[in-house]
Amino acid sequence: MSFFSTIFGFFGFGIGISFGLVAGYFLFIYSESADVKDPEIQPLANQDSETLQRIIPEIPLWIKNPDFDRVDWLNRLIEYMWPYLNKVSTVCLKYVWLLYYYFQELIKDQVANMYLWPKTLDVQIMDPAKAMRRAIGILVVKVVRAMKLKKKDLLGASDPYVKIKLSGDNMPAKKTTVKHKNLNPEWNEEFNLLVKDPETQTLEFEVYDWEQVGRHDFMGMNVVALKELKEEETKVITLDLLKNMDPNDGANDKSRGQIVMELTYKAFKEEEMGKGFEETEMMMMDKAPEGTPPGGGLLVVVVHEAQDVEGKYHTNPQVRLIFRGEERKTKHVKKNRDPRWEEEFQFVVEEPPTNDKLHVEVVSTSSRNLLRQKESLGYADISLADVVTNKRINERYHLIDSKNGRLQIELMWRPSQPAT
Ligand SMILES: [Ca+2]
């Protein structure tokens with residue numbers, strides 16, 4: 001079958017072509033136009049300008065027209081080329097931006113190298129020796145006690161502590177310990193503050209009610225102008241706690257209790273001005289509260305916040321601290337990868353924790369997931385030798401056994417007596 005169709009197909013093709021060619025030839029011959037006029041031939045010079053323009057449309061307009069039309073021509077040319085110009089310029093711009101970005105990064109790197117920025121994420125605490133250069137004296141503040149404080153908690157008494165700070169000072173406020181369930185607390189805690197200008201600076205203090213969970217309630221405040229103090233003379237001051245320093249505010253008539261402080265201003269002597277870092281540090285060191293074993297001190301741990309903590313089954317982070325076998329915990333933050341606690345813990349120790357480590361661990365617990373109620377979100381073991389030397393460290397630690405988790409912990413060491 002296929003053989004015959006091939007044969008017939010071949011003959012069909014051959015006959016068809018030949019027949020078509022012959023027929024086309026005769027059709028061409030007989031359909032030829034009978035009357036053809038001779039074309040009219042005229043020199044170009046005799047044509048009027050309109051005819052000329054019609055017959056030579058390809059000549060650029062600016063050749064055919066006066067000067068001002070050249071602009072029109074150029075515009076049209078740009079218009080025709082615009083899509084391409086546009087592409088070209090976009091590419092150029094991209095390169096310019098890349099170059100610009102590249103150079104910016106390069107310059108940034110170079111500048112960064114020159115200045116050796118600290119690579120850590122620390123909150124920088126001012127170097128006492130540097131601060132000292134601008135200071136002209138020290139204010140020794142002894143927070144003695146408070147009386148007749150008001151109840152802030154629904155259950156039981158308040159848990160007061162005092163924050164003190166000098167006006168115009170960038171140093172973080174200093175804090176006493178928390179006296180739990182006590183409306184007449186006795187602290188007897190001493191702090192040293194650097195004074196730059198005793199004529200204008202004031203000591204500001206605020207009393208707060210500590211809370212296990214949530215914001216600490218404000219209980220009252222007041223200020224003392226340093227110019228009221230005589231040099232080297234300890235002044236015992238008893239002040240009413242106020243809501244604010246506005247004398248016209250009726251809220252200040254309400255009784256909030258009182259606070260007793262001993263203040264001593266010591267101007268630096270000539271020889272003290274040139275002291276080195278260690279000596280300055282010694283003078284500036286805040287002593288541990290009374291009752292701390294001699295030779296020992298107070299280790300303060302502030303759990304600030306964490307970032308990027310994530311559990312496999314749940315993320316309700318809480319921080320567990322373990323120091324010398326003693327365990328403390330922050331509150332839980334529900335379903336949060338970037339929790340913020342701002343909780344403070346204190347450990348009284350008999351000797352400096354130079355060879356100790358603080359174990360911090362972020363854990364998540366869930367009452368819903370009965371099979372996996374608890375899971376670890378990462379941990380860090382912080383060597384405490386640094387805080388004993390530097391007195392204060394505020395750092396973000398990368399958590400072990402966590403993808404990207406970081407935990408910001410501030411540590412303070414307040415020895416009961418200056419190390420020798
Ligand atoms: Ca409280």
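Of the 420 residues in the protein chain, 22% are buried. Keep in mind that you're looking at a predicted model. The chain holds eight helices and 16 strands. As for contacts between residues at least 6 apart in sequence, 65% of them link residues at least 24 apart.

**A sheet with the order 3-2-5-6**

- Let's start with an open sheet of four strands, where the pairing is antiparallel and the order is 3-2-5-6.
- Strand 3 (174–175) and strand 6 (217–225) sit at the edges with a single partner strand each, so one side of each has no neighbour in the sheet.
- Strand 2, covering residues 160–166, runs antiparallel to strand 3, and two bridges join the pair.
- Look for Ile164 here: its bridge partner in strand 3 is Lys174.

**A sheet with the order 11-10-13-14**

- Another open sheet of four strands has the order 11-10-13-14, again with antiparallel pairing.
- Its edge strands are strand 11 (326–329) and strand 14, and each of them pairs on one side only.
- On average, neighbouring strands in this sheet are turned by 20 degrees against each other, if you ignore direction.
- Four bridges hold the antiparallel pairing of strand 10 and strand 11.

**Strand 9 and its partners**

- Strand 9 (residues 297–307) is joined to strand 12 (residues 340–349) by eight bridges, and the two run antiparallel.
- Within this pair, Leu299 stands opposite Phe347 of strand 12.
- Strand 9 also pairs with strand 16 (residues 406–415), in the antiparallel sense and over ten bridges.
- Check Gly297 for this pairing: Pro415 is its bridge partner in strand 16.

**The nonpolar cores**

- The largest nonpolar core has 28 residues, and the ones with the most contacts inside it are Val301, Leu358, Val360, Val362, Leu407 and Ile409.
- At least two residues of this core come from each of strand 9, strand 10 (317–323), strand 12, strand 13 (357–365), strand 14 (374–383), helix 8 (385–390) and strand 16.
- Leaving aside residues up to four places away in sequence, Val301 touches Leu321, Phe345, Leu358, Ile409 and Leu411.
- Apart from this core lies another one, of 26 residues, including Ile138, Leu193, Tyr208 and Met219.
- In soluble globular proteins generally, nonpolar side chains tend to be buried together.

**A closer look at Pro289**

- You'll find Pro289 in the loop between helix 7 (277–284) and strand 9.
- Pro289 counts as buried because 20 other C-beta atoms lie within 10 Å, and the cut-off for buried is 20 or more.
- Not counting residues up to four places away in sequence, Pro289 touches Thr177, Trp187, Asn188, Glu189 and Leu298.
- Pro289 and Arg414 are 125 residues apart along the chain, yet their C-alpha atoms are separated by 8.5 Å.

Methods. Residues are numbered from 1 along each chain as its sequence is written. This is a predicted model: local features need pLDDT of at least 70, side-chain atom pairs count only at pLDDT 80 or more; totals for chains, interfaces and linings use all residues. Two strands pair if DSSP finds at least two bridges between them. A residue is buried if 20 or more other C-beta atoms lie within 10 Å of its own, exposed if 12 or fewer, and partly exposed in between; C-beta atoms are placed from the backbone. Two residues are in contact if their C-beta atoms, placed from the backbone, lie within 7 Å. A nonpolar core is a set of buried Ala, Val, Leu, Ile, Met, Phe, Trp, Tyr and Cys residues joined through C-beta atoms within 7 Å. Axes are lines fitted to C-alpha atoms, for helices over the stretch in contact, and angles run from 0 to 180 degrees between N-to-C directions.
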